[in-house]
Amino acid sequence: MRRASFPLISIGLGILLALLSLEFVLRFLPVNEGARPQAVDHEHPVRTLEPSRTFVWSADWNFAVVNTVRTNNLGFVHDQDYLPDQRTPLLALIGDSYVEALMVPFRDTVAGRLSSRSAPAERVYSFGTSSSALSSYLAYAEYASRRFHPQAMVVLIIGNDFDESLLKYKNEPGHSYFAEDAQGALALRRVDYQPSLWRRIIRRSALVRYVTLNTDLLNFSLKWQHLPFGRPSNTLTFVGNTGARADPSRIADAQRAIDTFLAHVSEAAGLPPHRILFAIDGMRPHIYNPVTWQVATGSYFNIMRQYFVEHARQGGFEVLDLQPRFADHFSRHHRPLEFATDNHWNSLGHAVAEEAIATSNVYGWFRGLAQ
């Protein structure tokens, strides 16, 4: 027994020493420190991050993207603290990870650029965290309206915002979703979240964070399929951050989510439709190539884009389709608007989107308030 146990103990000590060595080395590298979402419940109805914190965000095993992120007094990624008692005109920017934009320096994001463009006479506050969808945008709109009373609102619409608004398709804690009530109508339902003690403990380990956040081994195959110029067989696996397959039942559910969102967003925001702008993403990177662009026209995202644009305009909202802007910019400069291994907008993508928003009627009216 003693002879048999000695090799096992030696192996165990060797593994432990290797793990401790990796932990030591990784503490000197820009390992993703995690965004640290806060509790979501009746007292805290929308998802926010740990407030007043500066942390390192990075992506990929080789730290291909590294950024320093700051959260403000309320836990939103913004260089300014949010002050409810200020009376200068306010534009609320709402969205998901494209608004949160952990991978881009704040000054280069849509929120940062609009803030610089609008200051000092007007304010731009952004409300959004990753994994949000139309249903969560509704909750953020109500939150912004109740606490800050904005004069105008811009909402960024992304390809996975439609069916993922339904509890039937997604139920990540910390977000709000549409679910059927007793009468069969869609109603907003919040899924509460409480950070566990175990999560708070293990996130102190650089090795754990590197494996789960940087390498993202659990979602490796999904991430590989998202590569803009990945394997030819995966060209249409995803279009616009979501599955490309246009399943009829999925389309019907997504259209129902859109109808519900458009029917309630004006009331939630406390604004008339013509003071709300929807800026909708393009089918990147498929729009860069005439062949993939033509094929992608039959994708789920393209169908939902057309449905959303048509019905939002019918409801009196202003809609900005970013796809022509992105396609034109790439045709002239041949520079992609997203990261090489991530479909989120890079700094250039944010710049093109912000310039388009700045030409909108909603933003033009907003800038005129302080004159």
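A search of the whole structure finds 22 aromatic pairs, where rings of Phe, Tyr and Trp (its six-membered ring) pair if their centres lie within 6.5 Å. This is a predicted model: local features need pLDDT of at least 70, side-chain atom pairs count only at pLDDT 80 or more, and totals for chains, interfaces and linings use all residues. Residues are numbered from 1 along each chain as its sequence is written, and side-chain values use heavy atoms, without hydrogens and water.

One of the aromatic pairs is Phe127 with Phe148, tilted, at 5.7 Å centre to centre and 45° between the planes. Planes under 30 degrees apart count as stacked, over 60 as edge-to-face and the rest as tilted. Phe127 lies in strand β4 and Phe148 in helix α4 (residues 134-148), so the pair links distant parts of the chain, 21 residues apart. Helices (H or I, at least four residues) and strands (E, at least two) are DSSP runs, numbered from the N terminus.

Next, the sheet. Strand β4 belongs to an open sheet of five strands, ordered β4-β3-β5-β8-β9, with parallel pairing; two strands pair if DSSP finds at least two bridges between them. At the edges are β4 (123-128) and β9 (318-321), each pairing on one side only. From one strand to the next, the twist averages 20°. Between β3 (residues 90-95) and β5 (residues 152-157) there are four bridges, and Ile94 stands opposite Val155 in β5. Helix α10 (residues 300-314) packs on the sheet and touches β5, β8 (276-280) and β9, its direction making about 165° with that of β8. Contact means heavy atoms within 4.5 Å. Axes are lines fitted to C-alpha atoms, for helices over the stretch in contact, and angles run from 0 to 180 degrees between N-to-C directions.

Now the helix pairs. Helix α4 packs with helix α8 (residues 248-269) at about 5°, their axes 9 Å apart. The two are therefore roughly parallel (angles under 35 degrees; over 145 is roughly antiparallel, 65 to 115 roughly perpendicular, the rest oblique). On the α4 side the contact includes Leu134 and Tyr137, and on the α8 side Ile258 and Phe261. By class, that contact has nine nonpolar, two polar and one charged residues. Ala, Val, Leu, Ile, Met, Phe, Trp, Tyr, Cys and Pro count as nonpolar, Asp, Glu, Lys and Arg as charged, and the others, Gly among them, as polar.

Helices α3 (residues 110-118) and α12 (residues 347-358) pack at about 45°, with axes 8 Å apart. That makes α3 oblique to α12.
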